[in-house]
Each structure stands twice: as C-alpha cells, then as structure tokens.
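Let's take a walk through this model, one spot at a time. Keep the viewer open and follow along.

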Amino acid sequence: MFLAIWILLVFAIGAAIGSFLNVCIYRLPLEKSVLWPGSRCGSCLKPIRMRDNIPVLSYWLLGGRCRMCGAEFSMQYFWVELLTGLAFAGLFYLEVVVNIHGFGLLAREAFNIEQGVIPWQGWVIFGHHAILLSLLIVAAGCDLMHREIPLSVTLPGTAIGLLGATLWPWPWPYDASQALPMTAVAFPGQVQPVAANPWWLLAPHQGPDMGLYAWPFWGPLPLGLEPGTWQLGLLTGLVGMLVGTMMLRGIRTLFSMGVGAEALGLGDADLMMMAGAFLGWQPVFVGFFIGVFPAMIAGIIQRFRTGDNALAFVPWLALGVIVSWLCWSTIGPVVQVLLFYPELMLFMIVASAVMMVVSAYMIRGMRWLRG
Ligand SMILES: [Zn+2]
C-alpha cells in the first residue's frame, strides 16, 4: 500500500521533472536560459499559470491549447512528461523494488521495502540513475528536434557522473571489506582458492558484487587501488568517460574516412562520455552495440521513406545504454570474459575497425556505382 504511494509519487516527480526537461529540450539548443523566463505560451507569450502547468494532466484539461489565445501546444510536451514519469516509476520499481541488479543490501531489506520503508541507499541508487535518465531524455529530445546535443547537457552531466563515481565507488552499497580480495577465493569460507578463476572472471553471484557502478574499471585492481576508495571510484568514472568518447570518435574517424562524408556527430561522442562517467566503461561499451543495430535498421527505413540521410542517433545510443545497464546482471556474466582479457579486447577492436573501414568503402563504392 505504502509502496504503491511511493511509486505514484515517483511518477508525479518524474512528470514534473519531464515538464522541466521540455523547457531544456526547447531552449538549450538555442542557448537560452532554462530558468528565466518561466514557461509561457510560444504564441501570445503570456506566462502559463501555475494551475495550468500540472504535468501530463493540464495538456488534456486544456485540450492542448493555450488558455489565453487558444494556440495549439505541441504534443511533445505531453509525451515527454508522460515518458519521464513512466521512466522514473519504472526505474524505481526495477532497481529498488524488484532489485534487478541483485544488490545484497536491498535483498536483505526486501520485506521493509515491500512495506514502503526504502533504505537511503535505495534512494541514492535510484536518484543517481534517474539523473542519468533525465539527461538522456534531454539529449535524445534535442537530437530529434534540432539534430544537435548541446554541451550544456553533456558537460554538467559528465561532472555529475564523475561526482557520483567518486562518492560511491565500487562495490558500494557494499562494505568494501565484503568485496572479494584479489587472492581469488570464490566465496567466503571456501577452503580451496580457485586460481584458475579469479574474481573478475566468476559469475557476479559468485564473484564481485555489483555496485552502483557495475564493476571496477579493471580486474585485478592495479596496485594501490583498494575497493571502496574514492580514488578507485574517480578512476572508474574517468575511464568510463574516456572509453565512451574515444570509442565514438574512433568510429567516426574511420567511417568518415571510408565513406568520404561525415558520419556521426561529436554530440554522440559527448553523450557516451557522459554515460560512461555515470556507469563505468563496460555497460557503455556493450550498450553501443545494443543500440547501433536497431539504429542502422531505423536509418535504412527512414532513408527509404523520406530520403533523409541524417538519422538522430542519440535516442538509439541512449536506449542501448539503458538496456545494457538494466540487464547487466544477465549481460555482465556473458561478456565479462571478453572484457577482462586485454588480448581478446585488442583483437576485437582491431577486427571491428577493419570491418568498419571495409563497410565504409563498400558504401562509398555503391554510391559511386549508382551515381
Ligand atoms: Zn497563448
């Protein structure tokens, strides 16, 4: 009962934040202030009264029109508010109530959570990720509306991500002493050390506990870096940020070279930089591959339907990152062998770079043949 009230409240907060995100999507690419002036009708410029500014509901109560002059408001306002509300409620439900990441702390508190008593760590986990979700919604909206992702979204976003990484380093919300030592004992109490299976190669339920940041940036941790220290956290965020931006910039360079035209924008790289600062590099790296294939299909469909070549890539990248993060307890064990072997990683990067250049030249060849 109390839990249902919490979820409704989270939805309402999400919808209210969605109302603010609308203002950001509309004004940030134009480099206008989001705080002043307050919301107003784009047609008669009269301020919108408080009671006409209730998220989601006002749009329907007023029939999608301005009370003063009757000008129609874009449906976008309503959809962004509804989407943000649902996304917040969904995130809260999945991460805190269902505990999809399998946090031991939340599992122990499961009974209390069902009664509506949410431990503060649950709010931190939800809050930090809700900020990321909001930033992704703004970036996707800006890309769809203006084909541009303003740095005024991604730079503060990256800073907030790094701050979170520093404040709650892996294995938070676990006690750092609970993180398995590097001597590779599979679980406490086990007599035999399994040297062949160090902790970073074990399935998460046997090996390292997942924290607010899925994993530390590397295993075994380099000397001098201990689980739970802010230095490890900051480095996790920094590596995530670098991998996010360098990956997209590398792909952009290779592809532009081959196709002979600009592919991808720098805004896409900035988005992945921000996501990397929030999640660490592993979920972002995997998220790119989850997002890129539906994006390619959408690009082909769009090209046939409208002849428009410029696809908004950010919504797909954002979706890929969200899926990767929310499904990490399933995806993580599958990919961790790959992600912690430098030789395998290097091979994969070289192989995909070659594939990318080849396909880029093929696209160029097809254009040449056609035209
Ligand atoms: Zn008006």
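Cys 44 counts as partly exposed because its relative accessibility is 24%, and Cys 69, at 38%, counts as partly exposed too (buried means under 20% relative accessible area, exposed over 50%, partly exposed in between, with a 1.4 Å probe and protein chains only). A word on the ground rules: this is a predicted model, where local features need pLDDT of at least 70 and side-chain atom pairs count only at pLDDT 80 or more, while totals for chains, interfaces and linings use all residues. Residues are numbered from 1 along each chain as its sequence is written, and side-chain values use heavy atoms, with hydrogens and water left out.

Both cysteines belong to the zinc site. The zinc ion is coordinated at 2.3 Å by the SG atoms of Cys 41, Cys 44, Cys 66 and Cys 69 (donors are N, O and S atoms within 2.8 Å of the metal, or 3.2 Å for Na, K and Ca; water is not among the atoms, so sites may look incomplete). The angles among the four donor atoms run from 106 to 116 degrees, and the site is tetrahedral, a label given to four donors if all angles lie between 85 and 135 degrees. For reference, the ideal angle for four tetrahedral donors is 109.5 degrees. Along the sequence, the donor residues are spaced C-x2-C-x21-C-x2-C. Cys 44 sits in the loop between helix 1 (2-27) and helix 2 (57-61), and Cys 69 in the loop between helix 2 and helix 3, so this pair ties together parts 25 residues apart in sequence (helices are DSSP runs of H or I, at least four residues, numbered from the N terminus).

Now for the rings. The structure holds 17 aromatic pairs (rings of Phe, Tyr and Trp, the last by its six-membered ring, with centres within 6.5 Å; planes under 30 degrees apart are stacked, over 60 edge-to-face, the rest tilted). One of them is Phe 92 with Phe 126, edge-to-face at 5.4 Å centre to centre and 85 degrees between the planes. Phe 92 lies in helix 3 (residues 75-97) and Phe 126 in helix 6 (residues 120-146), so the pair ties together parts 34 residues apart in sequence. Both residues are buried. Trp 215 and Trp 328 also pair edge-to-face, at 5.2 Å and 65 degrees. Trp 215 is buried at 2% relative accessibility, and Trp 328 is buried at 0%.

Back with the phenylalanines, Phe 92 and Phe 126 form one aromatic cluster together with Trp 6, Phe 88 and Trp 123.

Key: Helix = DSSP H or I, 4+ residues; strand = E, 2+ residues; numbered from the N terminus. Tetrahedral: all angles 85-135°; square planar, octahedral: opposite > 155°, others 65-115°.
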